[in-house]
Amino acid sequence: MSIPTLIFRTIRWSAWDGCEAGLEHVDVRPADGGLAISGVVIAQECETEFGLTYRVKLDALWHTKEVRLRTTSGHALHLESDGRGHWRENGRDRPDLQGCIDVDIQATPLTNTLPIRRLDLETDESMDIRLCYIDMPDLTASPANQRYTALDAGTLYRFESLESGFTADLPVDEDGFVLDYPRLFKRLA
């Protein structure tokens with residue numbers, strides 16, 4: 001899969017159990033030599049229902065540079081990165097996130113695309129990564145360790161959470177965006 005970021009996309013996912021359980025709308029556009037991603041999520045985590053808006057800025061190599069999130073209940077989070085693993089949260093240094101390149105927002109399959117595209121793995125190649133995981137709905141950011149494996153480069157990747165042992169095989173489209181995330185999300189458009 002090539003690195004170019006000249007991508008214009010609108011993507012929608014529903015929760016695996018249908019739109020009444022959750023829905024997401026995402027716009028992906030070129031900006032400042034990288035990508036600007038804007039999304040809206042209506043979902044629930046356990047028994048808590050929430051609404052979320054988010055914006056993610058990436059550089060040309062798919063490194064996360066900035067993340068802004070806001071829930072409809074008023075929680076907000078602003079993360080900035082130099083793209084080399086140094087982070088600031090709401091203007092303050094976050095040394096515990098040192099070495100994290102990607103971000104994983106719990107409520108969306110969109111952020112699985114970031115390491116898939118950035119790593120550009122060959123078939124049967126795996127890589128362990130440390131990233132910034134954002135928990136919903138309270139928007140807490142913490143480091144997490146994950147593994148991505150290209151089962152069929154460009155079409156199918158295995159995601160593994162190294163802390164919890166959770167695993168999912170993720171089919172992707174020609175731009176590396178997740179089609180379906182078994183038991184969690186289904187692609188609508």
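Q: Okay, which residues lie nearest the centre of the largest pocket?
A: Glu45, Gln106, Ala107, Leu184 and Phe185 do, out of 36 residues that line it. Keep in mind that this is a predicted model.

Q: Got it. How much space lies in that largest pocket?
A: About 690 Å³.

Q: And which elements give two or more residues to its lining?
A: Those are β1, β2 (18-31), β3 (34-45), β9 (102-105), β11 (140-152) and β12 (156-161).

Q: How do the lining residues of the largest pocket divide into nonpolar, polar and charged?
A: You get 20 nonpolar, ten polar and six charged.

Q: What about the second largest pocket, what volume does it have?
A: Its volume is about 180 Å³. The lining includes Ser38, Gly39, Tyr54, Arg55, Arg68 and His78. At least two lining residues come from each of β3, β4 (48-58), β5 (64-71) and β6 (76-81).

Q: And how does that lining divide?
A: For the second largest pocket, five residues are nonpolar, four are polar and three are charged.

Q: Switching to strands: what order do they have in the open sheet?
A: There are ten, and the order is β8-β7-β6-β5-β4-β3-β2-β1-β15-β14, with antiparallel pairing. The edge strands, β8 (92-93) and β14 (180-181), each pair on one side only.

Q: How many bridges pair β1 and β15?
A: Three bridges, in the antiparallel sense, between β1 (residues 9-15) and β15 (residues 185-187).

Q: Now rings! How many aromatic pairs does the count come to?
A: Five. Take Phe159 and Tyr181: their ring centres are 6.5 Å apart.

Q: Why is that pair called tilted?
A: Because the planes of the two rings are at 55°, and a pair counts as stacked under 30 degrees, as edge-to-face over 60 and as tilted for the rest.

Q: Where in the chain are those two?
A: Phe159 is in strand β12 and Tyr181 in strand β14, 22 residues apart, and the pair links distant parts of the chain.

Q: Are Phe159 and Tyr181 buried or exposed?
A: Both are buried.

Q: Which residues do ring pairs link into a cluster?
A: Tyr148, Phe159, Phe166, Tyr181 and Phe185.

Q: Last one: what sits over the ring of Trp16?
A: That would be the charged end of Lys186, 5.6 Å from the ring's centre.

Methods: Residues are numbered from 1 along each chain as its sequence is written. This is a predicted model: local features need pLDDT of at least 70, side-chain atom pairs count only at pLDDT 80 or more; totals for chains, interfaces and linings use all residues. Side-chain values use heavy atoms; hydrogens and water are left out. Two strands pair if DSSP finds at least two bridges between them. Helices (H or I, at least four residues) and strands (E, at least two) are DSSP runs, numbered from the N terminus. On a 1 Å grid over the protein atoms alone, a cavity is a set of points where a 1.4 Å probe fits but cannot get out, and a pocket is an open set with protein on both sides within 12 Å along at least five of seven lines; lining residues have an atom within 4 Å of a point. Grid points are joined across faces, edges and corners, and a volume is the space filled by probe spheres set on the points. Ala, Val, Leu, Ile, Met, Phe, Trp, Tyr, Cys and Pro count as nonpolar, Asp, Glu, Lys and Arg as charged, and the others, Gly among them, as polar. Rings of Phe, Tyr and Trp (its six-membered ring) pair if their centres lie within 6.5 Å; planes under 30 degrees apart count as stacked, over 60 as edge-to-face and the rest as tilted. Buried means under 20% relative accessible area, exposed over 50%, partly exposed in between (1.4 Å probe, protein chains only). A charge sits over a ring if NZ of Lys or CZ of Arg is within 6 Å of the ring centre and within 35 degrees of the ring normal.
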